[in-house]
Amino acid sequence: MSLNRLNRRQHLFSLGGGLGSIALTAMASQQALADQSDAAELPKPHFPEAKAKHCIFLYMEGGPSHIDTFDPKPALKDLHMQEFQRSGEEQSAMSSGRRYYVQSPFEFRKHGDSGADMCQHWEHLSTVADDLCFYRGCQVESVNHPTANYHVNTGNQFGGDPALGSWVTYGLGSENQDLPGFIVLPELAHPQGGTANWSNGFLPTSLQGTPLRPKGSPILDILPRSEITRDHQRATLDFLAQLNQRHQQKHPFHDQLQARMQSYELAFRMQTQVPEIVDLSGETQATLDMYGVGTEQTDNFGRRCLLARKLVEKGVRFVQLYAGTWDSHDYIAKAHGSLIPAVDRPIAALIQDLKQRGLLDQTLIVWMGEFGRTPDNGVRGGGVAYGRDHNPDAMTIWLAGGGCNAGHTIGATDEIGAKAVETVHHIRDFHVTLLKLLGLDDNKLTYYHAGRFKQLSQFGGHPIEELIAWQGLRRLTRWRGLRFEVETVNRRSAPAGRCARRRDERWRGKRWRGKRWHRHFCLCWQGGDQLCASWPTAEFLQYRCGGVYGNAISESVTYGLHQTHTQQKTINRNAITSADVNRLECPWRRR
């Protein structure tokens with residue numbers, strides 16, 4: 001096209017063509033990966049052994065109190081109503097001033113073989129206590145609801161970045177081409193921060209969360225007018241696609257145009273899928289009763305939990321449910337006392353239903369809010385109301401299914417629940433852990449934007465291995481800089497006697513005191529659920545290494561059998577975690 005035939009917009013656009021071509025190579029690969037979400041062949045996960053294929057994220061918006069749900073603090077009973085003054089430049093207006101301690105108004109009991117702590121109102125969830133993995137060591141940064149919501153949902157306090165569901169769909173694709181890969185089930189009122197909590201950010205627009213309305217039509221105008229037939233609609237879309245493709249040929253760098261064309265096709269396909277999914281009339285009465293559908297207190301959340309199960313069955317990759325009004329600054333006994341029963345029965349039913357259908361192992365369920373709550377409250381207006389303020393330093397999260405370390409409580413808070421003190425990790429590490437449970441590596445799941453490759457954790461994080469059930473040695477291939485030689489990965493199908501050997505490549509083949517040596521560690525399946533860990537004894541290594549180790553590994557005798565050349569410990573392989581393997585590695589640590 002000659003210069004005199006260019007209009008002003010085309011001329012300005014052509015000036016940026018050279019700059020756009022610089023990043024074209026980097027963008028081409030990531031765009032191809034994003035387009036695969038609409039293709040028959042899905043992207044391969046970074047960790048093929050990961051169990052979780054879907055995620056149901058139960059978001060308790062407002063910040064539920066860990067002290068009044070899953071983390072009992074008896075010490076607060078002695079401190080109840082004791083006043084104190086808090087001040088300092090680092091304190092917010094909410095956390096400073098005249099304050100008093102508040103004990104929990106609820107009784108706590110231990111449930112299941114795992115001894116999980118739950119308050120008295122978790123009547124139904126307590127029946128599946130052994131399917132849950134509780135985590136008490138997570139910390140966030142913000143105490144304001146919108147920024148805290150953004151931080152949990154997108155990894156960025158200030159919003160604008162892709163939501164967790166968008167990243168997961170970008171990395172794994174969507175199994176059902178007739179439905180979005182990321183669906184949100186909000187309440188009538190959206191959470192603080194609005195739709196940015198499920199935004200696609202800088203990722204392709206096809207990856208944004210699609211909210212389904214809780215009442216009325218799940219998506220407005222999802223169906224055409226009665227006089228428009230499906231054939232007529234198909235012909236209209238085909239003609240529109242021809243016009244859009246002609247326009248795209250003139251503007252090949254307009255990625256949003258292609259995404260919009262795909263959204264038209266997806267909406268057309270959804271017309272047949274969505275009405276069927278949201279229709280609960282095909283469910284048995286026993287199933288409806290189990291979820292609490294038809295009961296005033298649990299009907300709203302119960303319907304959405306049942307809908308989440310149906311969406312997962314249809315192949316939706318990531319489903320997020322919101323339950324709001326957990327912001328109990330005052331009268332927490334009344335507030336949490338009504339909020340917990342409203343979600344207790346539906347959540348327990350969701351876990352049981354997925355388990356009965358064989359879907360729990362491949363569906364990761366996450367329960368959390370944007371932060372925890374303080375063990376104290378402020379004196380406001382000269383009065384006293386038994387509530388709690390925002391606390392970014394302590395909270396309780398639990399996971400179920402999807403290869404999580406079920407039946408364990410990981411981490412701990414101090415004696416009054418003010419701060420996490422064991423297995424403490426930033427929220428970015430929790431994000432990395434969720435991605436790993438879903439088979440994704442945060443450092444590889446990147447997207448080129450604004451001059452750099454971006455990722456969910458912003459600048460990298462470390463998975464919390466204690467939250468991941470030990471499935472095989474391939475998961476630990478790069479752990480602590482050590483390389484594992486794996487003969488078998490799947491613990492359930494491993495024949496008895498098969499083993500995996502670990503060698504420390506940093507010292508392999510070197511000589512100490514004239515002795516050539518290397519260290520090894522074997523895990524052998526003995527059949528059934530028994531796993532035998534063995535390693536060289538101190539005496540054997542003294543002989544082979546010329547006494548270099550000496551008594552440095554004599555602590556290994558405490559693990560059990562002391563033989564001439566090896567030590568062994570029998571472990572239940574279904575309960576072993578990465579932390580257990582870490583403890584077994586103690587005999588090789590040089591002092």
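The model is predicted: local features need pLDDT of at least 70, side-chain atom pairs count only at pLDDT 80 or more, and totals for chains, interfaces and linings use all residues. Residues are numbered from 1 along each chain as its sequence is written, and side-chain values use heavy atoms, with hydrogens and water left out.

**The chain**

Helices (H or I, at least four residues) and strands (E, at least two) are DSSP runs, numbered from the N terminus. Buried means under 20% relative accessible area (1.4 Å probe, protein chains only). A contact means heavy atoms within 4.5 Å. Accessible areas come from the Shrake-Rupley method with a 1.4 Å probe.

| Item | Value |
|---|---|
| Helices and strands | 14 helices, 29 strands |
| Buried share of the 591 residues | 52% |
| Accessible surface | about 27,200 Å² |
| Carbon and sulfur share of that surface | 49% |

Take contacts between residues at least 6 apart in sequence: 73% join residues at least 24 apart.

**Helix H6**

H6 spans residues 164–172 and is mostly covered, with nine of its nine residues buried. Among them are Trp167 and Tyr170. Just after H6, glycine 173 takes a positive phi of about 75 degrees.

**Histidine 329**

Where does histidine 329 lie? It sits in the loop between strand E10 (318–323) and helix H11 (332–356). Histidine 329 counts as buried because its relative accessibility is 18%. Its side chain makes a polar contact (a pair of N or O atoms within 3.5 Å, one able to donate a hydrogen and the other to accept it) with the side chain of aspartate 389, at 2.8 Å. Not counting residues up to four places away in sequence, histidine 329 also touches others, including Met94, Arg373 and His390.

Note on methods
Buried < 20%, exposed > 50% of the residue type's maximum accessible area, 1.4 Å probe, protein only.
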